[in-house]
Amino acid sequence: MSIAMSVLAILEEGPTYGLRLKNAFEDRTAQMWPLNVGQVYSTLRRLERDGLVHGLEEGPEARKRYEITPAGRDALRSWFDTPTRMLPPARDELVLKLVMAVDRDGVHLAEVIQAERRGAVETLQELTLMKRDGSADSDLGWALLLDSLIFQTEARVRWLDDSEARLARHLSAGTAARAHRPVPEAEEVRR
């Protein structure tokens, strides 16, 4: 959905063809989210099918250009006016990795958490360096994207810290539960 709406937002500025849409999207996201040109054209075909864009006659370079329709403008305005829902959440590979590592033979959840934390901290450092270099100062869109990535990475590190603490409590509670189990008496063991 967000790729389609992003394509409509770019087309609202004027008719163009797929490769220029791809390049405009990547420029606005500082190449952080590259698009496959085939993905752009398949999105354009769906938007055209749904009446949100209209294909124009082939241009001098035999490239089909697209323009946004009034219905496309309405859909875009609705996208901007409607809050983005956070639930249900997108599948997160890291969350799935930790969930699948629980009680898995040969996998130590604490080690997985530590490795992921190291990776997240390294990513946070890279993003912070990008922010410090000042390139985001002149491009508001890039600055918003970079800030979002920093905040998401900080949240990920905090979540990993909390996951490690939860694992420690879980292991401690399991040890305590085993220590407090009544020891069966010799007579009960023989039965």
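Me: How many salt bridges does a search of the whole structure find?
Reply: The search turns up 11 of them. Keep in mind that this is a predicted model.

Me: What makes Arg 77 and Glu 12 a salt bridge?
Reply: Their closest N and O atoms are 3.9 Å apart. The cut-off is within 4 Å, for a side-chain nitrogen of Lys or Arg and a carboxyl oxygen of Asp or Glu, so the pair counts as a salt bridge.

Me: Which parts does that pair tie together?
Reply: Arg 77 belongs to helix α4 (residues 70–81), while Glu 12 sits in the loop between α1 and α2, so the bridge links parts that are 65 residues apart in sequence.

Me: Why is Arg 77 called partly exposed?
Reply: Its relative accessible area is 41%.

Me: What about Lys 22 and Glu 26: what makes them a salt bridge?
Reply: Here the closest N and O atoms are 2.8 Å apart, and the limit is 4 Å, so the pair qualifies.

Me: How do you know that about one helical turn separates Lys 22 and Glu 26?
Reply: They are four residues apart in helix α2, which gives that spacing.

Me: Are Lys 22 and Glu 26 buried or exposed?
Reply: Lys 22 is buried, and Glu 26 is too.

Me: Why do Glu 48 and Lys 64 count as a salt bridge?
Reply: Their side chains meet at 3.6 Å, N to O. That distance is within 4 Å, so the label holds. Glu 48 lies in helix α3 (residues 37–49) and Lys 64 in strand β2 (residues 64–68), so the contact ties together parts 16 residues apart in sequence. Glu 48 has a relative accessible area of 27%, making it partly exposed, and Lys 64 is partly exposed with 30%.

Me: Which residues do salt bridges with shared partners join into one network?
Reply: Glu 12, Arg 73 and Arg 77.

Me: On to α5: how do you know that its buried residues line one face of the helix?
Reply: The buried residues of α5 (residues 93–101) are Leu 94, Leu 98 and Ala 101. Looking down the helix axis, they fall within an arc of 65 degrees, so they line one face.

Me: What makes Asp 92 a cap for α5?
Reply: One of its side-chain oxygens lies 2.9 Å from the backbone nitrogen of Leu 94, at the N-terminal end of the helix. A polar contact needs N or O atoms within 3.5 Å, so this distance passes.

Notes: Residues numbered from 1 in each chain as written. Predicted model: local features only at pLDDT ≥ 70, side-chain atom pairs only at ≥ 80, totals over all residues. Heavy atoms only, no water. Buried < 20%, exposed > 50% of the residue type's maximum accessible area, 1.4 Å probe, protein only. Helix = DSSP H or I, 4+ residues; strand = E, 2+ residues; numbered from the N terminus. Arc of directions from axis to C-beta. Polar contact = N/O pair within 3.5 Å; in protein donor to acceptor, adjacent residues only side chain to side chain.
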